[in-house]
Amino acid sequence: MCGIVGFTGTKPVKDFLLEGLHNLEYRGYDSAGIALLLDDNSLFIKKRSGAVDVLEDALHETDMPAQTGIGHTRWATHGAPSEINAHPHFNADKSLALVHNGIIENSYVLRESLEAEGYHFVSETDTEVIVHLLDKVYKEREDGDLLQALIDVSKVLEGSYAIVLLSSEHPGELFAVRNGSPLVLAKHDDGAYIASDVIALVSRVKHVITMDNNEFAHLKKDGSVHVYNDKKEELEHIIQELDVNHIPLDNGEYPDFMLKEMNEQPDVIERLGQDRFDAGSIRLDGLNLSDEEIKNTDKIFIVACGTSYHASLLAKNYIENLAGIPVEVAVASEFANQHVLVTDHTLCIIVTQSGETADTLAAARKIKDLGARVFAITNVLGSTAARESDGVIYTKAGPEVSVAATKTFVAQIVAVFFLALFFAEKNGRLSSEEVLSHLKDIQDLSVKLGEVLSKQEDYEKGSRFFAQAHSALFIGRSLNYPIASEGALKLKEISYLHAEAYPAGEIKHGPFALLEPGFPVVVVIPHDDTRAKTLSNIKEIRARGAVVLAVATQGDAEVEENADFVFWVPSVPPLLTPLISVIPLQILARKVALDRGQNVDRPRNLAKSVTVE
Ligand code: AGP
């Protein structure tokens, strides 16, 4: 989490820093700050609690010709979201200022020893430890080699971090280190750029360099960028072209990014279906697995967090059902402490929209160390997940800005469905004709998603009822239990309404006690072979006076008779019901959140990519 941006060059830097921070706000938005190098080589630092707009207002009157500076938008880890804890942090004589993304795990010990040496801390952050440690190491060296001081300090720091450093003694230069948290660099005629994410640079440059872990960068105002290893040997790097067309910087005609991204779902489905359909059979080029390796696969582990975990639960169902390979799914943060048994024929798949989720990356590294091959399903080209994996399937949903995942979830479901078809064809469980027929079903889905999205006004009454509630239960069976879980997650994360998901058949084993007149229950009930049992559950719930909102297949008169509210979806093949059932739940969550006066794109305490464990 946290967004970092920096520039040194021959143009004023302030506006670029603010623009970059606005674009990075999805990474954290509890406070923001910038540090600029002034003409007299002193550092100007301004920080504010709250969004980047608040910082921008504070800088409004300030005419700053400075051409070197760094900026930061924060997601609090150590210390409350406040002005004092906001970045940049600086040393006592304000000759050094730095911004940091990540966590310094040994900050407590380092802080104690620095305090014992007389260093005075003003914030509660782990970041302040870095700047005081740098002050100490740099001053002890006496040779003015700040890059070497940064290398020395990084050897003492434990945890994951990306740091960008500005010094009044090195005008026109920036220094950086990447260790676990992403950083990209760019050379340009105007100067040299750095950011935690390309989205901050896209309006300025056309090419970027992605730093690897344990690499150090030195940026100069002539636009040059040098990357070193920890022995201070200069490294060559591939310069990648930026795909500017796919990076949205505003929500256009839509009131929020969430609605924009939800409405892009039919196109996402169509594009993904077309890609594979045109190919005449299922093709997953990025997977890098031989037919022999697929046939010999004895087990697949899938690890992920949040919404990506829900897509992984569907992956288990699809792969076991269609390809006959056993699959174990784990929440990535739990996987760290799980006893994992792998053989030479075990595969691991990580599912991560951002490709930067720290828990998921840690799980992938753990299973890789045990000898399994790791494949990533991710939406972000060149992300850490993509770079560290043996193969990648890109979900191609286009950048997602809203913190609540919508179109990328749908794209993940399609990706794992393709993966299951691919394995099934290779294993001889499905013929090419059968695979093509499934691909055709995916293509047909696009129009049906569009139909649901075009009827959002039908949701007003049901959504208003939920907006008044204190808590809600979501239930579904089989393929639609992960969808109930996704619906509950979506509702909690953007409306702050407590919601819990249960397999429909399990609620009589405890959650039934919650039911009382007026208690809201969302029931996902497609017209498939789970319907009869779920309908009985609806009747049992209604018998206790609870209120049922059903997500049901168009024309299901019995559900209509038994539910208080119905969100209709068109009929689709049974395996694809998750792709259509999730849409009403996204609409419900957004409407409830808006009714409750929340910002749907930036829910409190959350960030789009969670880069700390
Ligand atoms: C989804 O709406 C959430 N914002 C969150 O649960 C997210 O899915 C989770 O943090 C995993 O992110 P990733 O897919 O980028 O790894």
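This briefing covers salt bridges in the structure above. The model is predicted: local features need pLDDT of at least 70, side-chain atom pairs count only at pLDDT 80 or more, and totals for chains, interfaces and linings use all residues. Residues are numbered from 1 along each chain as its sequence is written, and side-chain values use heavy atoms, with hydrogens and water left out. A salt bridge here is a side-chain nitrogen of Lys or Arg within 4 Å of a carboxyl oxygen of Asp or Glu. By this rule there are 31 salt bridges.

**Lys 11 and Asp 190**
- The side chains of Lys 11 and Asp 190 form a salt bridge at 3.4 Å, N to O.
- Lys 11 sits in the loop between strand S1 (3–9) and helix H1 (14–24), and Asp 190 in the loop between strand S9 (184–187) and strand S10 (191–195), so the pair ties together parts 179 residues apart in sequence.
- Helices (H or I, at least four residues) and strands (E, at least two) are DSSP runs, numbered from the N terminus.
- Asp 190 is buried, at 18% relative accessibility, while Lys 11 is partly exposed, at 35%.
- Buried means under 20% relative accessible area, exposed over 50%, and partly exposed in between (1.4 Å probe, protein chains only).

**Asp 390 and Lys 368**
- Asp 390 and Lys 368 pair at 3.9 Å, N to O.
- Asp 390 lies in the loop between helix H12 (384–388) and strand S20 (391–394), and Lys 368 in helix H11 (residues 358–369), so the bridge ties together parts 22 residues apart in sequence.
- Asp 390 is partly exposed, at 28%, and Lys 368 is partly exposed, at 34%.

**A network**
- Salt bridges with shared partners join Arg 531, Lys 539, Asp 556 and Glu 558 into one network.
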